[in-house]
Amino acid sequence: MQTCLRASDLDSFLVDKIPRAAYYIPDYISEQEEEYLVRQVYNAPKPKWTQLSGRKLQNWGGLPHPRGMVPEKLPAWLRVYTEKISSLGVFGGNSANHVLVNEYKAGEGIMPHEDGPLYYPTVTTISLGAHILLDFYLPVDQESLEEQHQVNKTEEQRHVFSLLLEPRSLLLLREDLYTSYLHGIRPVTCDALSPRVANLERCHAHPDHMLQRGTRVSLTIRYVPKVLKTSLFLGKGR
């Protein structure tokens, strides 16, 4: 791992020529760390997994909720990385308290979405095992739904750019890319590396190649500001 990475170093990893702000850090962890983390993910108790359409996931730290998250202690194997990423100051001086583990097999994905107001407006993701293309889209302007040209815009027409997330990389999204754009993963088995992939020059893959997808595991590390005191949640406090 790039243990010397500091907050002042982040700007050197800024992906330019796209809206602010995406920071892409290749080889953030070593192959040994990657193997260790994948092993820990699959050693988790079976009840930790939730199967959804197109992926399965684990929630660590609690279940975010508009009324507040009931906090759960993160396991040591995740705290190492939540602390390292928090030390970069990306959560406004707070420490990450939630990790979402996603497993995507080849051909699986997630519809364009936003992470929403339950989280501090910065999301960090460590990728394990295989690559993925993360696609960014303009949202449908709800105020313009009556305008025919807006109604007829397809998802592909709203697609702005993509980021290639290679194994062992760290991606950091904040500012407009968090609040004003949707992101998603197409359910395909291979990806074409076109000029619309904004961070190709920072990646190991070669332009114009087709990349076959494998099974990817991601650690999405975030800070949930609204946390409940357990005693209050259980009705033991005032």
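I take helices and strands as DSSP runs, numbered from the N terminus. The model I am reading is predicted.

**Entry 1: the start of the chain**
I looked up Asp 27 and found it in the loop between S1 and helix H1 (31–42). Its phi is near 50°, a positive value in a residue other than glycine. Buried or exposed, or partly exposed? Asp 27 has 34% relative accessibility, so I noted it as partly exposed. Then I stepped back to Ala 21, in the segment before strand S1 (22–25). The peptide bond from Arg 20 to Ala 21 is cis, with omega near 0°.

**Entry 2: strand S6**
Next I checked S6, residues 122–128. How many of its residues are buried? I got 7 of 7. Thr 122, Thr 124, Ile 126 and Leu 128 point one way from S6. Val 123, Thr 125 and Ser 127 point the other way.

**Entry 3: partners of S6**
Which strands pair with S6? One is S9 (residues 170–174), antiparallel over 5 bridges. There, Thr 122 stands opposite Arg 174. Another is S13 (residues 216–222), also antiparallel over 5 bridges. In that pairing I found Ile 126 opposite Leu 219.

**Entry 4: Arg 222**
I stayed in strand S13 and looked up Arg 222. Its relative accessibility is 4%, so it counts as buried. I left aside neighbours within four places in sequence and listed contacts of Arg 222. Among them are Phe 91, His 98, Asp 115 and Tyr 119. Thr 122 and Val 123 are also in contact with Arg 222, and both belong to S6.

**Entry 5: one more loop**
Last, I turned to Arg 168, in the loop between strand S8 (159–165) and S9. Phi of Arg 168 is near 75°, a positive value in a residue other than glycine.

Key:
Residues numbered from 1 in each chain as written. Predicted model: local features only at pLDDT ≥ 70, side-chain atom pairs only at ≥ 80, totals over all residues. Heavy atoms only, no water. Buried < 20%, exposed > 50% of the residue type's maximum accessible area, 1.4 Å probe, protein only. Helix = DSSP H or I, 4+ residues; strand = E, 2+ residues; numbered from the N terminus. Pairing = 2+ DSSP bridges. Contact = heavy atoms within 4.5 Å.
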